[in-house]
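Here is a briefing on selected features of the structure below.

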Amino acid sequence: MENLGSSEVTRFLIAISIMLFLGRTFGELFRQIKQASVIGEIIAGILLGPTLLGSFFPEFQDWLFPTSGVLAIAIDSITTLSVIFLLLVVGFEIDLSIVLQQGKAALIIGLTGMMVPFIIGYGVAFGFPRIFGGDENSNYIFFFFIGISLAISALPIIARTLMDLNLFKSKLGMTIMAAVIFNDFAGWLVFSVFLSLIGTKSHSLEIHNTILVTLLFVMFLLTIVRKGIHKFLPWIQSRLSWPGSTISLLMILTLLSAAFTEVIGIHAIFGAFIFGIAAGDSVHLKERTREILNQFVTNIFAPLFFVSIGLQFNFIQSFDPVIVAAVLIFGSLTKIIGCGLGSRIAGFGKSESLTIGFAMNARGLLEIVLALVAFNAGIITSELIVAIVILVLFSSVTSSPAVSYFAGSVKIFSIKDLLDVRNVIFTDIRDKKNLIREMCNAAAQKTKLRPIELFTLVWGREEQLPTGIQNYLAIPHAKVDIQRPVLLIYILKETIDFQAFDDKGSRIICLLLSPANNPEIQLNMLAQLAEIFKDLSFSQKVLEMKTPSELISFIREHI
Amino acid sequence: MNFSRIGLAVTFSPTGVALLSEAYRLSKLLEADLVLIHVGERGESLENKLKEMIIKAGISDGKYDLIWAKGDPVRAILSAVSENNIDLLLMGALEKEKSINYYLGSIARKIMRETVSSILIFTSPSENPEEFGEIFAVTNYLEGCEKVISTAYNLAKVGKSPSLTVIREFQLPGLGITVSDSGDLEEIEKNRERWIAEEKEKLNFFLLELNISDPDIKKVVLFGKEGWVANEYAKEKNAGLLVVSAPKRKPGFFDRIFTHDFEFTIKELPKRLLIIK
């Protein structure tokens, strides 16, 4: 057996540690400025690769990261393992039951979000191959690649964006996640067909046989293997050391699955991804195991893989403005239009559809993996791969602000959004019924509802069960025919008895009107208000405020 | 109480008499009419056999209606339920079906999926029926969940159950993967705690909205796969009765393959399951 020599081992270890160090450092730097760490990791690779280090110190760069020889093979092996395990953890999050749970809306958005970019991408590449770096000899495999590379989204970046914007737990957030899951799953199935198209050149199976074996493999993994994991995981977790044995088992099965897909002519990463879906779905896979594996892969394998991209290409020499512009324009527009269209068909409003479109426009790991496979198979040029990396960086940076901008008009679950100086009144009303009538009259002007109907609803609710909470807070409320909730805050000079739990009487009266067609919004608002006023000292300070603007600023500062 | 006509699908299975006893006890407890449905060709020997079982269960004459239905058992039972305005159907079912039966759909599971009324399922009915014991009810704030909670509350009161626990379960797909993109475990844990606290507060208000302010009601928020976590929790706490909503649409084959919500609940049934329609 051939071994690496001592000097090669030394170079290998130095190279890996530099890749890891710079990748993690830049990843953390970008994390600090609220950007995806993958951007930092790719930039670290560009700095270490031929683009920068290679330009100034070509000999040193070649010594550390050679493009041929045993050291290059060793580094390539590590990055191949990295991407296999990365795809395993991405697969973990592809929970197909969520798509079924969320129903038609997620399916429609996922489907249009994939079909529109695919068809337009394929068509444009067919008509104008040069704008994507092709030529008159480009064939259907090239067109197919352009279509599918524009169609796939980036689940981790989208999940992160939704979490940052507090949209994760909303109905909109759940629909987006389900649509992305469907989009990625369907996209990868199509991707496997693409892999079989380019893979059959070097493998014994015919195209149709490869596709058939692939489908059988997917079905086998998602039914029998999935059931087997579900059955044996509790046994393994209770009888063997945990989480060590579970992690080892998952890694062994991932590698076997990856090896199988490599044998049948589609790339190893596809096997890892599908196995991730089968294993991640099990209710017996402990959250902690998943998190440990995620941490390990994210902090070790992900930086190595993303840095390795920059090592392979010269981003200045391979920068072609036409190709970059084409990928950015067609990549972004087709995705936003496709998902936005699907959202409109599924019944979402304009703002919600734009939010969904921009959220699903985020790209990441999968596009890069796909592009690398195509590049290694000689289907695309380095100019196109550079353009795709730029699309990933661009969409990662712009996704969150764009979603934030459009979600502004649909985000209806934060009390902060409802605070309005014009809706705060200081009053000396002492009678409960008069107070509620007065508040309903004011609310009617803002909602265009009839005051008497509003009063009947709010007073009826109050009579049925008084709405005093504690710490001087009372929240008379009703569900009415409106699109956005409305909050009016009245500060009383004297307390009125709303039968609060602490018998203190109420002086901070918040009239809350919420949409009748979504009962959960009312519960969200009530819960948030109760949380804000849970401390007596906070309520006392609110009562010390002299003007509406002072009061609103004070509450805003403390939410 | 919400139920005025209780139906029972009577079979000549080993648990037939026990189910009759359970149905009779419940009809008395809820002051509801009792309708017995048997799917099969009416004949003297079957009638006598049925009569024997009814007497053995201690049901007096004139305290029930007997309906003979024909055809496919699932369709026949569901038709009898709608035609006779039955608002609660009682059935026996295996706690867990063999895999093939589960995927193809047994009679009991098919009725649960396609139900036209509320259904109470017993996995181990007794000829000497007992009280429900601890009742657990699951809410998801969707249409119909108010009925789930108010029914569970009324049953707990009427049946003198030692406790009622209201469960809110929620899951967030893709949460783990946010770690891969600039997230950290501590942040996820903090968010998870915040969301659970929010849900607890919402649950309080939800019960208040239903005018249920009994301090003895336990409120539990569970994070995990919907349907599965509540089922596991109820089993762990030795629930006497689990109350859930009927599915909004009829679950299909794919819902069984990629199990979620209601399918988790009926995959491994608790001691007693009440599905509210």
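The second largest cavity holds about 40 Å³ of space. The model is predicted. In total, the structure has 3 cavities of 30 Å³ or more.

**Second largest cavity**
- The residues that line the second largest cavity are Val90(A), Ala154(A), Leu155(A), Pro156(A), Asp184(A), Gly364(A), Leu365(A) and Leu366(A).
- Two elements of chain A, helix H9 (155-164) and helix H17 (365-376), each give two or more residues to this lining.
- By class, the lining of the second largest cavity counts 6 nonpolar, 1 polar and 1 charged residues.

**Second largest pocket**
- The second largest pocket contains about 690 Å³ of space.
- Its lining is made up of 28 residues.
- Nearest the centre of the second largest pocket lie Lys227(A), His230(A), Lys96(B), Tyr103(B) and Lys267(B).
- Both chain A and chain B supply helices to the lining.
- From chain A, helix H11 (207-239) gives at least two lining residues.
- From chain B, helix H4 (99-104), helix H8 (228-236), helix H9 (253-257) and helix H10 (262-267) each give at least two.
- H11(A) provides the largest share of the pocket lining, with 7 residues.
- Sorted by class, the lining of the second largest pocket has 13 charged, 8 nonpolar and 7 polar residues.

**Helix H15 of chain A**
- Helix H15 of chain A covers residues 321-345, 25 residues in all.
- From first C-alpha to last, H15(A) reaches 35 Å.
- That span is close to the 36 Å expected at 1.5 Å a residue.
- At the start of H15(A), Asp320(A) brings a side-chain oxygen to within 3.0 Å of the backbone nitrogen of Val322(A).
- Just after H15(A), Gly347(A) has a positive phi of about 100°.

**Sheet of chain B**
- Chain B has an open sheet of 10 strands with mixed pairing.
- The strand order is E3-E2-E1-E4-E5-E10-E9-E6-E7-E8.
- Strand E3 (65-69) and strand E8 (218-223) of chain B are the edge strands, and each pairs on one side only.
- On average, neighbouring strands of this sheet are turned by 20° against each other, direction ignored.
- Strand E5 (residues 118-122) and strand E10 (residues 272-276) of chain B run antiparallel and are joined by 4 bridges.
- Phe122(B) has Arg272(B) of E10(B) as its bridge partner.

Note on methods
Residues are numbered from 1 along each chain as its sequence is written. Chains are lettered from A and ligands numbered from 1 in the order in which they are written. This is a predicted model: local features need pLDDT of at least 70, side-chain atom pairs count only at pLDDT 80 or more; totals for chains, interfaces and linings use all residues. Side-chain values use heavy atoms; hydrogens and water are left out. On a 1 Å grid over the protein atoms alone, a cavity is a set of points where a 1.4 Å probe fits but cannot get out, and a pocket is an open set with protein on both sides within 12 Å along at least five of seven lines; lining residues have an atom within 4 Å of a point. Grid points are joined across faces, edges and corners, and a volume is the space filled by probe spheres set on the points. Ala, Val, Leu, Ile, Met, Phe, Trp, Tyr, Cys and Pro count as nonpolar, Asp, Glu, Lys and Arg as charged, and the others, Gly among them, as polar. The expected span of a helix is 1.5 Å times one less than its number of residues. A polar contact is a pair of N or O atoms within 3.5 Å; within protein, one must be able to donate a hydrogen and the other to accept it, and residues adjacent in sequence count only if both atoms are side-chain atoms. Two strands pair if DSSP finds at least two bridges between them. Axes are lines fitted to C-alpha atoms, for helices over the stretch in contact, and angles run from 0 to 180 degrees between N-to-C directions.
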